[in-house]
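Colleague: I am new to this one. Please walk me through it in short steps.

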Amino acid sequence: MANTESSGSTADTPPLRYRVSGMDCAKDAAQIERAAQSAGVAPDAVKVSAATHIMTLNAPEARLPEIEKAVETMGYGFDRIESDEDLQQSAAHQDPGYRRALWIVVILNVGYGVLEMIGGFIAGSQAVKADALDFIGDGAITFLGLLAIGWSLLWRARSALIQGIFLGLLGLGVFSTTIIRAFEPTTPDATLMGILGLIALVINVISVLPLLRYRKGDANMRAVWLFSRNDAIGNAAVVIAAGLVVWLGSAWPDLIVAFGIAGLFLHSSWAIIRDARADLKAVA
């Protein structure tokens, strides 16, 4: 009843838009949509873009406090966008320190990604190579995001489309090379695998530190966690795979983790491309 009521009362009202902080992937977008729906919003009245991190909402003004509270309790922060000019601006855009922090993240991710890739070849580990591509991909995407700060929604959607295609190519590359290795499995150097995985965890933590000062409140502190969560899971998976390689004396744990990371690439790619195309249609 609440859903129908909300949907019907906003038929002639322009949709509201929010800039979401704390999103990391399409799963987060779906979680935010479910939180809004739990406050009585119809499923077709809320859309969160995994590409541009913009929530579009059709709801009466009187319901907004309840909806905002429902989303905030999930740990995400979001600010209402009052105009197209506001859509292009943010405190981060106006603060050169934020750009410097992002440059640190880019350098750390790309730099360690290259080193880890070399280590992956030395160790003969597909999982380490996939994790290295994850670092390089994150660095490249952060670089694109750095360029896109302050851009219009149209150009941010175009940037996101490029990011999605890039992630998809990385995922296909990891998937295809891992399939080839599966036909001739060779046991990787588990010790080097474990060391590289642990260093990767440390690098992820160091990458987050420069951004801490730009996070305010509990919601944004969770945002820092969300940004690094998937990477940390991938790093931990490499360490666990190294232990299983030693225990089982088999290359399959290494290959399984590589397939898993490739799957994450492809899933994220699909979600970002889908949302970027939807955003492009909306602003065309």
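Modeller: We start with a term: buried means under 20% relative accessible area, exposed means over 50%, and partly exposed lies in between (1.4 Å probe, protein chains only). This is a predicted model, where local features need pLDDT of at least 70, side-chain atom pairs count only at pLDDT 80 or more, and totals for chains, interfaces and linings use all residues. Residues are numbered from 1 along each chain as its sequence is written, and side-chain values use heavy atoms, with hydrogens and water left out.

Colleague: Is Ile118 buried, exposed or partly exposed?

Modeller: Ile118 sits in helix H6. Its relative accessibility is 46%. That value falls between the 20% and 50% limits, so Ile118 counts as partly exposed.

Colleague: Which residues make the nonpolar surface patch of about 450 Å²?

Modeller: Patches take residues with over 30% relative accessible area and no salt bridge; like charges are joined within 9 Å, and nonpolar side chains (Val, Leu, Ile, Met, Phe, Trp, Tyr) within 5 Å. A salt bridge is a side-chain nitrogen of Lys or Arg within 4 Å of a carboxyl oxygen of Asp or Glu. The residues of this patch are Val110, Val114, Leu115, Ile118 and Ile122.

Colleague: How many helices and strands does the chain have?

Modeller: Both are DSSP runs, numbered from the N terminus: helices are H or I with at least four residues, strands are E with at least two. The chain has eleven helices and four strands.

Colleague: What is the average pLDDT of the chain?

Modeller: pLDDT is the predictor's confidence in each residue, from 0 to 100. In this chain, 74% of the residues score at least 70, and the average is 75.

Colleague: Over residues 88-94, what limit does pLDDT stay under?

Modeller: Where pLDDT is low, the predicted coordinates should not be read in detail. The model still has twelve contacts for residues 88-94 beyond four places in sequence, where contact means heavy atoms within 4.5 Å. Over this stretch the pLDDT stays under 50.

Colleague: How many aromatic pairs does the structure hold?

Modeller: Rings of Phe, Tyr and Trp (its six-membered ring) pair if their centres lie within 6.5 Å; planes under 30 degrees apart count as stacked, over 60 as edge-to-face and the rest as tilted. By that rule, the structure holds two.

Colleague: Are the rings of Tyr112 and Phe135 stacked or edge-to-face?

Modeller: Their centres are 5.2 Å apart. Their planes stand at 75 degrees, so the pair is edge-to-face.

Colleague: How many residues apart in sequence are the parts that this pair ties together?

Modeller: Tyr112 lies in helix H6 (residues 96-123), and Phe135 lies in helix H7 (residues 126-148). Both residues are buried. The pair ties together parts whose separation in sequence is 23 residues.

Colleague: Which residues does Tyr112 touch, not counting those up to four places away in sequence?

Modeller: At 8% relative accessibility, Tyr112 counts as buried. The C-alpha atoms of Tyr112 and Ile199 are separated by 9.1 Å, though they are 87 residues apart along the chain. Tyr112 touches Ile107, Phe135, Leu196, Ile199, Ala200 and Ile203.

Colleague: At what angle do the planes of Phe175 and Phe259 stand?

Modeller: The ring centres are 5.4 Å apart, and the pair is edge-to-face. Phe175 is in helix H8 (residues 153-183) and Phe259 in helix H11 (residues 252-283), 84 residues apart. Phe175 is partly exposed at 36%, and Phe259 is partly exposed at 24%. The angle of the planes is 65 degrees.

Colleague: Which residues does Leu280 contact, leaving aside neighbours within four places in sequence?

Modeller: Leu280 is in helix H11 and is buried, with a relative accessible area of 18%. Leu280 and Trp155 are 125 residues apart in sequence, with 8.7 Å between their C-alpha atoms. The contacts of Leu280 are Leu154, Ala157, Arg158 and Leu161.

Terms used
Accessible areas come from the Shrake-Rupley method with a 1.4 Å probe; for residues, only the protein chains shown count as cover.
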